[in-house]
Amino acid sequence: MGKPTGFLEYKRETAKVLAPKVRIADFHEFRTPMSREKQRLQGARCMACGVPFCQSGMMIGGMASGCPLHNLVPETNDLVYTGNWKQAYLRLSKTHSFPEFTSRVCPALCEAACTCNLNGEPVATKDNERAIIETAFEEGWVQPQKPKVRTGKKIAVIGSGPSGLAAAQQLNRRGHSVTVYERSDRPGGLLRYGIPNMKLEKSVIDRRINLMEEEGVQFVLNTNVGKDITAEELLKKYDRVLLACGASNPRDIQVPGREAKGIYFAVDFLGKVTKTLLDSNFEKVPYEMAKDKNVVVIGGGDTGNDCVGTAIRLGAKSVTQLEMMPKPPVQRTESNPWPQWPRVLKTDYGQEEAIAVFGHDPRVYQTTVKEFLADKKGNVCKAKLIKLKSQKDEKTGRMAMVPVEGSEEVIPADLVLIAAGFLGSQKYVTDAFKVAVNARTNVDTKPEGYETSVPRVFAAGDMRRGQSLVVWAIREGREAARAVDESLMGYTNL
């Protein structure tokens, strides 16, 4: 440990952010990293705990505590403090495929489990991680890792989201020939079209894709497996197939008036905005999608927050974000002790921007839509809301959110974005490969494994575990690569 008293001497600092009213003028990242010298002091705050929960990735209280990738957090933090940036990059690369993604979009499970967080503020591990990988790119340390020997084995990875990319990277470096199939016009999956540009610049994805192509990974775009190419063709052409198509079935809301025009799934809305920006090289902003409209976002998670921030950038007249659950406490409750994930109120960038622009938090808790109302042209114009309360279900004994009769309220709604999560894999893909699925339509795999019910077909990421975080998808991709490699070679050194 380089600085035993660092956590006492230095206060937590993170990257500076542009003021909300400034950053909403465009769709670019708005965080300005600290200098390397200032970042070093953040590394000094790490206590090198005897039991580093930050890297444990254990399930505690039903949620992950610490990094699922088991990044060697105290070691990399110490290397940041001592200024050994290259060693920090090499250490981080032992466990991580894409630090440039998680250091931008991950909710920092490592920081939530940091021992400093028990009685103060956690180490700025997420910013340290970003400083490590960006320094590595700037210094030219991130180079294509081309395999010296090819095994002659061919693998098809279906889906180019974080799990598919992680698996493809690992399998290619092992010496297998890897082809990634993507139904969209650009690789990246939800990294590309599900996360707004101001949260993850798409040039960051392109930088990594270019490296993977130099390493030998092939990308086949605009190809929808199960429709444009059959499962039989792929199984005939490749030794193994890895399904990494995500949990791409958005959860719908079945209420009267749902058929009205102007109601979209969040992922479709966010994807269209990003595609318009990319196709025009950021010269065309699709203001017509939300300008001067009363926007209602259904869902209080990260995707809902992304919709809030995007709608504001497109000139929305107002933004209301509906959350079914009660408002979380500001501080941990006794039933939610460290190192569990803190179930506390979080005000993200989109909500901060709404507060700055409209003067109030856009979130309305314990509320859902009872009915959508349309105008004469069939366009949604209003939403009838209803309050919810927690009540025990007499049959199951579980607590459930139920409507409060007489609490209805009608608000204007010219654009409705459904960000209520995802239900599981898409049926046409699982049907094409004839793989077994569970009750949630996630692909069933062997216990503690990644092979499906169909020989030579594997699954990873959200398609296997259900909707989750980017960091979990990367872990799944890396572990699935090990399973695929072992099935091909009889052993694995991944």
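Predicted model: local features only at pLDDT ≥ 70, side-chain atom pairs only at ≥ 80, totals over all residues.
Residues are numbered from 1 along each chain as its sequence is written, and side-chain values use heavy atoms, with hydrogens and water left out. Local features need pLDDT of at least 70 and side-chain atom pairs pLDDT 80 or more, whereas totals for chains, interfaces and linings use all residues.

Rings of Phe, Tyr and Trp (its six-membered ring) pair if their centres lie within 6.5 Å; planes under 30 degrees apart count as stacked, over 60 as edge-to-face and the rest as tilted. The count by this rule is four aromatic pairs. In one of them, the ring centres of F53 and W338 are 5.1 Å apart and the planes stand at 70 degrees, so the pair is edge-to-face. Because F53 lies in the loop between helix 3 (36–44) and strand 3 (58–60), and W338 in the loop between strand 11 (318–323) and helix 15 (349–358), this pair ties together parts 285 residues apart in sequence. Helices (H or I, at least four residues) and strands (E, at least two) are DSSP runs, numbered from the N terminus.

Y181 and Y238 also form an edge-to-face pair, at 6.2 Å centre to centre and 90 degrees between the planes.

K227 places its charged end over the ring of Y428, 4.4 Å from the centre, and R464 lies over the face of Y450 at 4.2 Å from the ring centre.

Conventions:
Lys NZ or Arg CZ within 6 Å of the ring centre and 35° of its normal.
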